[in-house]
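My notes follow in the order in which I checked things.

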Amino acid sequence: MKHYLSINDIDSVSEWVEDALTLKKDPFASEKLGKQRTIGLLFFNNSLRTRLSTQKAALNLGMKVMIMNFGKDGWALEFEDGTIMDKGNAEHIKEAAQVVSQYCDILGIRAFASLKNQEEDAAEVVINSFKKYASIPVLNMESSLSHPLQALADAITIEEYKKSVQPKIVLSWAPHPKALPQAVANSFIEIMQLQNVNFTITHPEGYELDPKVTKNSRIEYDQDKALKDADFVYAKNWSNYKDYGKVINQDKNWMITQKKLGGAKFMHCLPVRRNVVVEDAVLDGNQSLVIAQANNRTFAAQIVLKKMLETLK
Ligand code: AN0
Ligand code: CP
């Protein structure tokens, strides 16, 4: 039984990227693999791409799909062991996970960081509890700390569009009015560290991510310097990691403009706030890869599900 919870669950990024590109040419080649298999997708947060691309990937593999907006329609879940459940939470994860395991063969979970309790977020309470109590493999559709389906789609997209063996890739923090999780940035950094790329992270001072994630990746606080000669610019906001979950900077000068982009390709996971994170000219121009990235979400999910299905008895 194989879970897909983080980039660490990929044994060879280059092989998975190649396999995904092969499968993209013939998406129905493994249509029989998922016959009579069911995937359950539980969403504790909103989604457009993850929901539809994961569903499409499962359908391409011949699977049946059940989707639930758990945050809205499910019983409020209790995660703590031994609690007296006389407050708001109606159902314990122990029962919920075991029940769902009887209906499905693979279980996808989306549960963002709360951005309120750093310890709980770091422990990945929701997805890890499903992993602990479910008897079927769990697929991460964005947890507190990571979004490995997005990062795999990003690696596939870079492979398709790169023009040199070792492209220069810059992850740039961008302003945003709301507090957003660090998950997308974390997984993008983790997958870049496994690729043959020249990688730089740029953000305002004080916006450092978890050093256990950034490791020895180059961090350049001067955005102009960081963006110089870039082949790919990946923009993403994240809320503060040290002053956990806070928005301490909304400096509009960090927005990606056509001028800053130069000749580089533009990437973002979407959804994106126009003229806050990136100006219209970039998104509407021919250097933007955001639609191609969203398309590759299907093939990232499909290669992951294919590998998970292959480990089922
Ligand atoms: C989420 C985030 O930043 O993690 C999901 C991105 C895929 N974005 C928003 O909530 C806007
Ligand atoms: N990029 C991404 O995960 O988009 P959704 O939040 O719409 O699923």
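I sorted the shell around ligand 1 by residue class and found six nonpolar, one polar and two charged residues, keeping in mind that this is a predicted model. The residues that make up this shell are Phe112, Glu142, His147, Leu180, Pro181, Lys236, Cys269, Leu270 and Pro271.

Next I looked up the polar contacts of ligand 1, taking N or O pairs within 3.5 Å. A polar side-chain atom of Glu142 lies 2.6 Å from an oxygen atom of the ligand, and an N or O atom in the side chain of Lys236 is 2.7 Å from an oxygen atom of ligand 1. I then checked the cover: on its own ligand 1 has 330 Å² of accessible area, and the protein covers 83% of it. As for the space that ligand 1 takes, I noted that this is the largest pocket.

I turned to ligand 2 and asked which residues are around it. I listed Ser47, Leu48, Arg49, Thr50, Arg110, His147, Gln150, Cys269, Leu270 and Arg297. By class, this shell around ligand 2 holds three nonpolar, four polar and three charged residues.

For the contacts of ligand 2, I found a polar side-chain atom of Arg49 at 2.8 Å from an oxygen atom of the ligand, and a polar side-chain atom of His147 at 2.9 Å from an oxygen atom of ligand 2. Cys269 takes part through its backbone, where a polar atom is 2.9 Å from a nitrogen atom of ligand 2. Taken alone, ligand 2 exposes 250 Å², of which the protein buries 94%.

Where does ligand 2 sit? I found that ligand 2, too, sits in the largest pocket. I also looked up its place relative to the domains: domain 1 (7-146 + 297-312) and domain 2 (150-293) both give residues to the shell around ligand 2, so this ligand lies between them.

Rolling a probe the size of a water molecule over the atoms shows where empty space is left. I counted one cavity of 30 Å³ or more, and about 30 Å³ of space lies in the largest cavity. The residues that line the largest cavity are Lys2, His3, Tyr4, Asp9, Trp16, Val304, Lys307 and Met308.

Definitions and conventions: Residues numbered from 1 in each chain as written. Chains lettered and ligands numbered in written order. Predicted model: local features only at pLDDT ≥ 70, side-chain atom pairs only at ≥ 80, totals over all residues. Heavy atoms only, no water. Near = heavy atom within 4 Å. Polar contact = N/O pair within 3.5 Å; in protein donor to acceptor, adjacent residues only side chain to side chain. Areas by Shrake-Rupley, 256 points an atom, 1.4 Å probe, with all protein chains shown as cover. 1 Å grid on protein atoms, 1.4 Å probe; cavity = no way out; pocket = protein on both sides within 12 Å on 5 of 7 lines; lining within 4 Å. Sits in = over half its atoms within 2 Å of the grid points. Nonpolar A, V, L, I, M, F, W, Y, C, P; charged D, E, K, R; others polar. Domains from an automatic or database assignment. Points joined across faces, edges and corners; volume = space filled by probe spheres on them.
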